[in-house]
Amino acid sequence: MQIRKTEIAAIIMAAGESRRMNTPKQLLNWEGISLIEHILAIVRSSKIESIIVVLGSNADLVRPVLGSYQDVTVIINHDWQKGLGSSIQKGIDSLPNNIQGVMIVLSDQPFINSDLIDLMIDHFNESSAPIIAPRVNGIQSNPVLFRGDMFADLKRIEGDRGAKQLLAQYPVEWIEWRDEKLVIDIDSQEDYQKAISSLHV
């Protein structure tokens, strides 16, 4: 039997100001490469078909790091001050026409991995759920995968809450994920040091 191939895109959110870091967190060192390149490496090694990176604040510093990735589309959100919702809108507007689902990936969540991404895509192919998301000990985490009929809703998101509001409005197929490090994100120097110390635990 031929396996159905689904066109899934990833939109990597990397437009934030990193206000609490005092330095662009996308460029933080993560095992010898920048954090944004680490996230890219994970996504590129998965079943994701298309990758869009949304930059905003500090785009002039971050974009040169991405210049060698020919398979990655980089777009600039000049309205990044309006919050995460505006970056999601820009990403959705940039999707190729053949895309059937989109995965929202955060650039400050270093412990995502390609096994999780692939498992989410497998669930996408096997179910009709509009949203697929991981959960760690009952806590919703990221990335989150949305079916194509959710794109209009994603484009209506405003402010900094991102897509969380949609998870409260629509049915979600949860993937129970055991690695507690998945919920770690980096918003401050303290977060960064904790994340680094968790690397080989």
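Student: Why does serine 57 count as buried?

Tutor: Serine 57 has 9% relative accessibility, and buried means under 20% relative accessible area, with exposed meaning over 50% and partly exposed lying in between, for a 1.4 Å probe and protein chains only; serine 57 therefore counts as buried. The model is predicted, so that local features need pLDDT of at least 70 and side-chain atom pairs count only at pLDDT 80 or more, while totals for chains, interfaces and linings use all residues. Residues are numbered from 1 along each chain as its sequence is written, and side-chain values use heavy atoms, with hydrogens and water left out.

Student: Where does serine 57 lie, and what is in contact with serine 57 beyond its neighbours within four places in sequence?

Tutor: Serine 57 sits in the loop between β4 and α2, where helices (H or I, at least four residues) and strands (E, at least two) are DSSP runs numbered from the N terminus. With those neighbours left aside, the residues in contact with serine 57, that is, with heavy atoms within 4.5 Å, are Ala15, Gly16, Glu17, Gln26 and Trp80.

Student: How do you know that the buried residues of α7 line one face of the helix?

Tutor: In α7, which spans residues 189-197, Asp191, Tyr192 and Ala195 are buried. Seen down the axis of α7, these buried residues fall within an arc of 100 degrees, so they line one face of the helix, the arc being that of the directions from the helix axis to the C-beta atoms. On the other side of α7, Glu190 and Ser197 are exposed, whereas the cover over the buried residues of α7 includes β2 (29-30).

Student: What makes a set of residues a nonpolar core, and which members of the largest one touch the most other members?

Tutor: A nonpolar core is a set of buried Ala, Val, Leu, Ile, Met, Phe, Trp, Tyr and Cys residues joined through side-chain atoms within 4.5 Å. In the largest, which has 33 residues, Ile12, Val43, Ile48, Val53 and Leu66 touch the most other members. Among the elements that give two or more residues to this core are β1 (8-14), α1 (35-44) and β6 (101-106). A second, separate core of 26 residues includes Ile88, Val144, Met150 and Ala163.
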